[in-house]
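Hi,

Here is the structure I said I'd pass along.

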Amino acid sequence: MTQPDIRLDSEALRAHARMVDEAARMSGEATSGAAYLDLHDEVYGEWPGKFFVPLINPAQDWALQELRSGTDATSHLAELLRAVADDADTTDSNAAQRFRNDR
């Protein structure tokens, strides 16, 4: 049984990492919007806010933490994609150097 060829396009990985960076940026904007709502209870209105805010605060706090975690994870994924691309380039370069030295 033959081993399949593994082909890794490091530039495509870097391009994908840039798209993931953009997703993380957008997620960060959503997190900022949720944090604003969390800090400014008056956005719900004076009368409804007094009744509504105590009911939603636990869910709002949980949602804000989840948004922050998602943003951090998305940013980390972009970093990992760049690291894989760099490692692939290094491995390819080292293999090419060995082939040149073995001649």
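Before the details, one term: a salt bridge here is a side-chain nitrogen of Lys or Arg within 4 Å of a carboxyl oxygen of Asp or Glu. Asp 89 and Arg 14 make such a pair, with their closest N and O atoms 2.7 Å apart. That pair ties together distant parts of the chain, since Asp 89 belongs to helix H2 and Arg 14 to helix H1, 75 residues apart. Please keep in mind that this is a predicted model.

Now the overall picture. The protein has 2 helices and 0 strands. Its radius of gyration is 23 Å, while the globule rule gives 13 Å for 103 residues, so the protein is more spread out than a compact globule. Of the 103 residues, 19% count as buried. The exposed surface comes to about 8000 Å², and carbon and sulfur atoms supply 59% of that.

How do the contacts spread along the sequence? Counting contacts with a separation of 6 or more, 75% are between residues 24 or more positions apart. Thr 71 sits in helix H2, which covers residues 46–102. Leaving aside residues up to four places away in sequence, Thr 71 touches Ala 24, Ser 27, Gly 28 and Thr 31. Is Thr 71 buried or exposed? Its relative accessibility is 12%, so Thr 71 counts as buried, the cut-off for buried being under 20%.

On to the charges. The protein carries 10 positive and 19 negative side chains, and the centres of the two sets lie 10 Å apart. Side chains of opposite charge can pair when their charged atoms come close. How many salt bridges does the structure hold? There are 6 salt bridges.

Arg 14 turns up again in another of them. Asp 86 also forms a salt bridge with Arg 14, and the closest N and O atoms are 2.7 Å apart. This pair, too, links distant parts of the chain: Asp 86 is in helix H2 and Arg 14 in helix H1 (residues 10–39), 72 residues apart. Arg 14 has a relative accessible area of 16%, so Arg 14 is buried.

The side chains of Arg 25 and Glu 22 meet in a salt bridge, 2.4 Å from N to O. Why are Arg 25 and Glu 22 about one helical turn apart? Because they are 3 residues apart in helix H1. Arg 25 counts as partly exposed at 40% relative accessibility, and Glu 22 counts as partly exposed at 33%. Back at Arg 14, salt bridges that share partners join Glu 11, Arg 14, Asp 86 and Asp 89 into one network.

If you open the model, I'd begin with Arg 14 and its salt bridge to Asp 89, then go to Thr 71 in helix H2.

Cheers

Conventions
Residues numbered from 1 in each chain as written. Predicted model: local features only at pLDDT ≥ 70, side-chain atom pairs only at ≥ 80, totals over all residues. Heavy atoms only, no water. Helix = DSSP H or I, 4+ residues; strand = E, 2+ residues; numbered from the N terminus. Rg over C-alpha atoms; globule rule 2.2 N^0.38 Å. Buried < 20%, exposed > 50% of the residue type's maximum accessible area, 1.4 Å probe, protein only. Contact = heavy atoms within 4.5 Å. Areas by Shrake-Rupley, 256 points an atom, 1.4 Å probe, with all protein chains shown as cover. Lys, Arg positive; Asp, Glu negative; His and termini not counted. Charge placed at Lys NZ, Arg CZ, Asp CG, Glu CD.
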